[in-house]
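Please look through the sequence and the model shown here before reading on.

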Amino acid sequence: MMQSRVINIPEKVLRKKRWFWMIWIGLTFALFASILLAVCFGSVKIEPAVVYQIILNKMFGMPLEGISIAHADIIWQLRMPRILMAAFVGAGLAMCGTVMQASVQNPLAEPYILGIASGASLGAVFAIMLGGSKLLLGFGVTVWAFAGAILATTAVMFLAGMGGQMSTMKMVLAGAVISALFGAAANFLIYIANNAEGMRNVAFWTMGSLAGAKWDTLLLPGGGVSIGAIFFLLRSRKLNVLLLGEEAAITLGIHIVRERRIYMVITAILTGMIVASCGIFGFVGLVIPHAVRSVVGADHRRLMPGVLLVGAIFLIWADVLSRTLLRSGDLPIGIITALIGAPFFMWLLFRRSFNFGEN
Amino acid sequence: MDLTLQDVEVTVEKKKIIKSISLAVGKGEFVGIIGPNGGGKSTLLKAVYRVLKPSNGTILFGGENIENISLHTSAKQLGVVGQFNTVNFDFTVLEMVLMGRTPHKKVFHADTQEDYKIALQALAQVGMQDAVNRQFVTLSGGEKQRIILARALAQEPKFLVLDEPTNHLDIKYQLQLLSIVKSLGIGALAALHDLNLAAMYCTKLYVLKNGCLIADGTPREVLTKKRIHEIYEIDCDVNLDARTGFLSIVYHPVLPLHDMRCEDAG
């Protein structure tokens, strides 16, 4: 009797597996549909038929008939790279959030937890406020923001590693300390610079925007997120074990300190790239992992593909809203992600069936 | 597999918790470590399952210095049931047990039918086969403990380390857990609190107090009235139960504490 039971269950598990494959295929379709739909939205009204003709022309060299070059440029040079940027950045932030949550075993972790946002802000503020100065060594906001992000992460790792073992708790606390410190430095710069134009630029930057996306700025975040996605998809099993805590991971043969350090460095670089090119917007890296986890569970082999796809789809539509809500121009996307993310997160919190860490 | 500790010392935050301990667990032996709280049992076990590094001495696992064995390799042979069962994320019971297969897997490997079979067999062994699809976090403390044992069994270990494995378990499952471990016929080293159970299952006992080994031997040699008083500062009667052939230890109540408290307050 025992034997028949033992053989029966894998069939059930396999059925479950098939069900997840259907979800992934469905989500992949949804992603492509989102890209194709989102491209039709924008401040300049362009008929969908025209839009697709332009896309077919650019991709497969189909003929363009009676379509203005201005429209073609709007679709292909502005909207398309922006939508792809949204997809990569959404996927990337959601992935980084998932990895961070596993790395510090804290469900409230997000990509910015190691002070990356504050570091990038400081770098950006520095570049914006001193615009044109020789001090910048000829680098733009993006490079300075990235440098700031890496500096902050390095400082956090150093601080957390001081005086013996690097515990996750120390890391989270060090992140908070560094955030406060870098935030103060950025505010100090803003205060003494007394530059109204710069202040508005800084404000816009810290609320995030995908407006700067072009084909060539897409390359770095796009490539980075793709490589990162492959890396972490292959490490799903190790990420699972990381969630069990330090001791359990070691007894299952995972060198947890080394793994965690590698994951954190990769997440920091990816988040740094993303923040440097699009500014800061919260909640994607926190809410998407939880939302997907509440449906498929904590196993990263199922979680990670879902997180990547849902993150991409979510940010594409958030960006559509940011482009279309205001007639006067772009609404910072950080406002939209927070407006959607916060209530959704609250709903997840109050749904009793979903566990956030209290046993 | 066998395990030998030679003059092992463990220092945690500059404090020497384990002072020069040597012990041996032969193939198929079930060895217990007993001793008062804070005596260093868990710390010693942590050094064995490689969470802590000994500051001195050597640990030989299967005759080889454990420091020369990769973590990945030792995890294929060394299963651990520890006290670290808090998980903040939702895993199903089956997923939890399947994680025991991790050391046997490479980056590209998916779970095979074989893995599922091993995991389900381990679950059946601990009597949790009906809980496969339940969430681990919703289980009771004792059920979690049994799942952790199942995970260790799924590792197909050649040696088991158990740190107070009977915690949270009712008496039926205390006996069941120790019987499972014993029936595997592999070497096992367990920190135990219950002296009656220790006497019943262990072939050899080591007594650890203040980081030092103060006695070792068979349960009958170690568990005497005098020695127990020495270890735990309590009185008891130790008898050999003629019917079962096991030692039976009956403790005497300690003086009521509140009298002492009143004196202190005065």
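Predicted model: local features only at pLDDT ≥ 70, side-chain atom pairs only at ≥ 80, totals over all residues.

The mean pLDDT of chain A is 85, and 92% of the residues of chain A reach 70 or more.

Next, consider two helices of chain A. Two packed helices are described by the angle between their axes and the distance between the axes. Helix α3 of chain A covers residues 69-103 and helix α8 of chain A covers residues 215-234. The two pack at an angle of about 35°, and their axes are 9 Å apart. The crossing of α3(A) past α8(A) is left-handed. Which residues of α3(A) and α8(A) meet? On the side of α3(A) they include Pro81(A), Leu84(A), Phe88(A), Gly92(A) and Val99(A). On the side of α8(A) they include Trp215(A), Leu218(A), Gly222(A), Val225(A) and Phe232(A). By class, this contact between α3(A) and α8(A) has 14 nonpolar residues, three polar residues and no charged residues.

Strands of a sheet pair through backbone hydrogen bonds, either parallel or antiparallel. Here six strands of chain B form an open sheet with mixed pairing, in the order β6-β7-β8-β3-β9-β10. Why is one side of β6 and of β10 in chain B left without a neighbour in the sheet? Strands β6 (78-81) and β10 (212-217) of chain B stand at the edges, and each has a single partner strand, so one side of each has no neighbour in the sheet. From one strand to the next, the twist averages 15°.

Strand β9 of chain B, residues 204-209, shows both kinds of pairing. With strand β3 of chain B, residues 30-34, β9(B) pairs in the parallel sense over four bridges. In this pairing Val31(B) stands opposite Lys204(B), and Gly32(B) has Leu205(B) as its bridge partner. With β10(B), β9(B) pairs in the antiparallel sense over five bridges, and there Leu208(B) stands opposite Leu213(B). β9(B) and β10(B) also form a hairpin with two residues between them. In the turn, Asn210(B) has a positive phi of about 50°. Five of the six residues of β9(B) are buried, so this strand is largely enclosed by the rest of the structure.

Asp7(B), which is not a glycine, has a positive phi of about 45°. Asp7(B) lies in strand β1, residues 3-12 of chain B, and counts as exposed because it has 12 C-beta neighbours inside 10 Å. Ser20(B), also a residue other than glycine, has a positive phi near 40°. Ser20(B) lies in strand β2, residues 15-25 of chain B, and with 15 C-beta neighbours inside 10 Å it counts as partly exposed.

Finally, how many residues of chain A are in contact with chain B? There are 29 of them, in contact with 31 residues of chain B. The elements of chain A that give two or more residues to this side are α1 (2-38), α9 (236-243) and α10 (246-251). Of these, α1(A) gives the most, with six residues. By class, the side of chain A that touches chain B has 14 nonpolar, 10 polar and five charged residues.

Note on methods
Residues numbered from 1 in each chain as written. Chains lettered and ligands numbered in written order. Contact = placed C-beta atoms within 7 Å. Nonpolar A, V, L, I, M, F, W, Y, C, P; charged D, E, K, R; others polar. Axes fitted to C-alpha atoms, helices over the stretch in contact; angles between N-to-C directions. Left-handed = near helix turned anticlockwise from the far one by under 90°. pLDDT = per-residue confidence, 0-100. Pairing = 2+ DSSP bridges. Buried ≥ 20, exposed ≤ 12 C-beta atoms within 10 Å, placed from the backbone.
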